[in-house]
Amino acid sequence: MATLNLSAITKSFGATTVLHGIDLAVADGEMIVIVGASGCGKSTLLRIVAGLEAPTTGHVAIGGREVTRLEPADRDIAMVFQNYALYPHMTVAQNMAYGLKIRGTPKDEIARRVAETAGLLGIGPLLARKPRELSGGQRQRVAMGRAIIREPKLFLFDEPLSNLDAKLRVQMRGEIRRLQQRLGVTSLYVTHDQVEAMTLGDRLVVMHQGRAAQVASPMEVWSRPADTYVAGFIGSPAMNLLAGTLAEGGTAVQLKAGPLLRFTDGPRAGGDGRPLTIGVRPEHMLRDGEAIVTVALDLVEPLGSETVLHGMLSSGEVLTARLPGMVPAVGSAMPLAIPAEALHVFDAESGRRLDA
Amino acid sequence: MDAGQTLARGAEARQRWARWLAHAALALGVLVFALPIWITLVGSTHDAATIGRGDVPLLPGGHALENYATAWNSGGGTLRGNPAGGMLLNSAIMALLIAGGKIAISLLSAYAVVFFRFPLRMAAFWTIFITLMLPVEVRIIPTYQVIVNLDLFNSFTGLTLPLIASATATLLFRQFFLTIPDEYVEAAQIDGAGPMRFFRDILLPLSVTNIAALGVILFIYGWNQYLWPLLVINDRSMQTIVVGLAKMIGNGDSQNEWNTIMATAVLAMTPPVLVVVLMQRWFIKGLTETEK
């Protein structure tokens with residue numbers, strides 16, 4: 001069990017800088033999910049923690065011990081790979097035991113721990129099989145077993161569920177979370193899937209172009225996104241981002257699409273006319289209220305209990321709304337209300353959140 | 001009879017014709033490949049006089065045992081012949097050394113080129129690769145000079161070393177190693193396996209089928225060597241069977257003992273055939289399957 005501290009990690013490949021100074025402090029037993037679109041540097045960050053890549057500058061400390069220059073084997077970590085990387089010529093038991101065998105663990109101790117770990121993961125009957133004789137979910141479990149058996153200080157997960165089908169993914173997601181909580185091992189989990197990120201993490205690191213756009217709990221990230229990138233990335237369907245300007249002495253916003261919305265949580269700094277980006281989650285849109293916009297629908301997706309509407313505003317901006325129940329067909333123009341209490345206010349230029 | 005039936009009948013006839021053609025082509029192929037071997041086999045069962053008359057017998061005769069005994073024990077012709085038993089052993093040692101040496105050296109060099117980053121890595125690889133364009137025959141005179149200067153004339157070292165140095169196997173192993181996912185290397189790194197440990201525990205077991213397939217090819221390559229053994233060995237006790245066989249055929253001054261020569265030829269063919277037959281399963285696996 002250990003803490004993990006990253007300070008000012010940067011990484012450049014030639015002239016390309018993929019990480020621009022990442023700082024992160026992970027508490028003992030915490031599960032941190034690093035989430036971001038592909039190419040944001042999240043896998044590179046994980047590989048730096050693992051020791052598979054060296055950072056250009058910055059330091060990695062595990063359990064207070066500086067490990068920046070240590071080999072992966074000397075860092076007391078375990079990693080679960082996206083394609084599992086099980087050794088194809090070894091049986092499940094041999095795969096799990098390999099790390100212990102290299103460390104010179106006595107045979108009976110290895111046997112005991114293999115049996116114990118297999119029991120924990122429910123893969124006891126598979127121990128004598130080769131990886132090619134296993135299903136995707138079983139391989140996933142064996143990869144987990146290989147990580148757990150070493151009782152490392154830190155678990156690293158590199159998109160471990162992306163090779164599974166949707167149903168299995170949901171199931172394994174739950175299992176990983178339960179297991180991690182039970183073992184209480186500090187974990188770093190990389191994914192591009194925001195649902196995985198929201199459900200698994202104690203805290204999320206939302207990465208964008210080599211920077212940590214926001215580090216916060218899942219609910220915090222969802223309810224108070226730090227900038228327009230996070231706002232658009234977390235949540236499905238994505239948050240609507242509408243242009244507007246500050247009005248009425250900072251107490252309201254004049255949307256380009258028409259209505260004037262009064263802030264319910266207090267005035268924003270800056271003079272009238274300051275350009276803003278206003279975020280509204282599709283599920284917060286209402287059928288009627290005070291600030292009405294008219295949406296020309298071009299796609300209606302009925303999901304049963306609710307309906308997702310896609311359309312265009314008079315300002316030319318796209319709007320998505322998620323409403324309960326059934327909703328009219330394509331082509332019709334529909335009035336929808338924007339609730340003033342559900343607004344997210346961002347600076348239009350920097351994209352940063354503006355709080356009252 | 002309607003049009004449909006006519007068409008169907010036509011297609012059937014064409015198919016039957018195509019089947020016949022395929023079988024005829026196959027039979028012709030078998031004949032072309034098998035007839036010389038059959039003549040050799042048959043020739044090894046007649047006495048010297050039958051073949052000496054100029055007949056080419058197509059049916060086995062009754063002298064098989066004595067011909068093979070002569071070939072094995074004395075090699076027949078007093079001056080030129082060598083006992084086949086010793087020559088087979090020499091050939092086997094040579095072929096095994098060449099195959100084993102090539103595999104060992106090319107596994108290691110391919111491992112270095114694929115998995116390690118060091119200065120002039122690609123330069124090293126291309127230098128190895130270029131030797132592909134220089135077969136033994138092209139560099140035979142300088143090689144001969146080197147071997148003689150190193151005092152390796154008439155030794156198995158001198159016989160095999162120049163044939164071991166070649167890029168074919170290195171290239172094949174390099175291509176195979178390139179298909180091994182990086183994750184195996186990384187997983188092994190995290191498991192704490194050092195470079196030699198990774199080589200022994202992960203890479204070698206994954207390469208077994210490739211090694212077997214290449215082993216078969218290289219064994220036959222080594223077995224069939226003619227020019228180099230002819231130059232570098234002149235001690236009769238170290239003669240290889242392929243060279244010995246050729247030497248049994250005289251220059252025309254005296255009668256060739258074709259029956260003994262044929263028997264020796266059959267003996268010379270047997271080990272490569274056995275290797276191919278016994279290793280066939282592995283051989284095909286190595287060429288077609290990848291265990292990943």
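Predicted model: local features only at pLDDT ≥ 70, side-chain atom pairs only at ≥ 80, totals over all residues.
Let me begin with a definition: a residue is called buried if 20 or more other C-beta atoms lie within 10 Å of its own, exposed if 12 or fewer do, and partly exposed in between, with the C-beta atoms placed from the backbone. By that rule, 39% of the 356 residues of chain A count as buried.

Residues are numbered from 1 along each chain as its sequence is written, and chains are lettered from A, and ligands numbered from 1, in the order in which they are written.

Let me stay with chain A. Its secondary structure comes to eight helices and 19 strands, where helices (H or I, at least four residues) and strands (E, at least two) are DSSP runs numbered from the N terminus. Along its principal axes, the C-alpha trace of chain A spans about 75 × 45 × 35 Å. I will also speak of contacts, and two residues are in contact if their C-beta atoms, placed from the backbone, lie within 7 Å. Among the contacts in chain A between residues at least 6 apart in sequence, 64% join residues at least 24 apart.

Now to some single residues. Leaving aside neighbours within four places in sequence, A:Val230 is in contact with A:Val206, A:Ala213, A:Gln214, A:Val221 and A:Pro225. A:Val230 and A:Gly36 are 194 residues apart in sequence, and their C-alpha atoms are 9.1 Å apart in space.

A second example is A:Leu309, in strand S16 (residues 306–312) of chain A, which likewise counts as buried, with 24 C-beta neighbours inside 10 Å. Not counting residues up to four places away in sequence, A:Leu309 touches A:Val295, A:Leu297, A:Val300, A:Thr320, A:Ala321, A:Leu323 and A:Val327.

The backbone of chain A also deserves a careful look. The peptide bond from A:Ser236 to A:Pro237 is cis, with omega near -5 degrees, and A:Pro237 lies in the loop between H8 and strand S11 (240–247) of chain A. A:Gln209, in the loop between strand S9 (203–208) and strand S10 (211–216) of chain A, has a positive phi of about 50 degrees although it is not a glycine. A:Gln209 counts as partly exposed, since it has 15 C-beta neighbours inside 10 Å.

Where do the two chains meet? Their contact takes 17 residues from chain A and 16 residues from chain B. On the side of chain A that touches chain B, strand S6 (77–80) and helix H2 (92–102) of chain A each supply at least two residues. The residues of that side divide into 13 nonpolar, three polar and one charged; here Ala, Val, Leu, Ile, Met, Phe, Trp, Tyr, Cys and Pro count as nonpolar, Asp, Glu, Lys and Arg as charged, and the others, Gly among them, as polar.

That brings me to chain B, which has 13 helices and zero strands. The radius of gyration of chain B, taken over C-alpha atoms, is 25 Å, well over the 19 Å that the globule rule gives for 292 residues, so chain B is more spread out than a compact globule. That rule is 2.2 Å times the number of residues to the power 0.38. Buried residues make up 31% of the 292 residues in chain B, and its C-alpha trace spans about 85 × 75 × 30 Å along the principal axes.

Let me finish with one helix pair. Helix H4 (residues 84–115) and helix H10 (residues 195–223) of chain B pack at an angle of about 140 degrees, with their axes 9 Å apart. That makes H4(B) oblique to H10(B), as angles under 35 degrees count as roughly parallel, over 145 as roughly antiparallel, 65 to 115 as roughly perpendicular and the rest as oblique. The axes are lines fitted to C-alpha atoms, for helices over the stretch in contact, and angles run from 0 to 180 degrees between N-to-C directions. Among the residues that meet are B:Ser91 and B:Met94 in H4(B), and B:Phe199 and B:Leu203 in H10(B). By class, this contact of H4(B) with H10(B) has 13 nonpolar, three polar and one charged residues.
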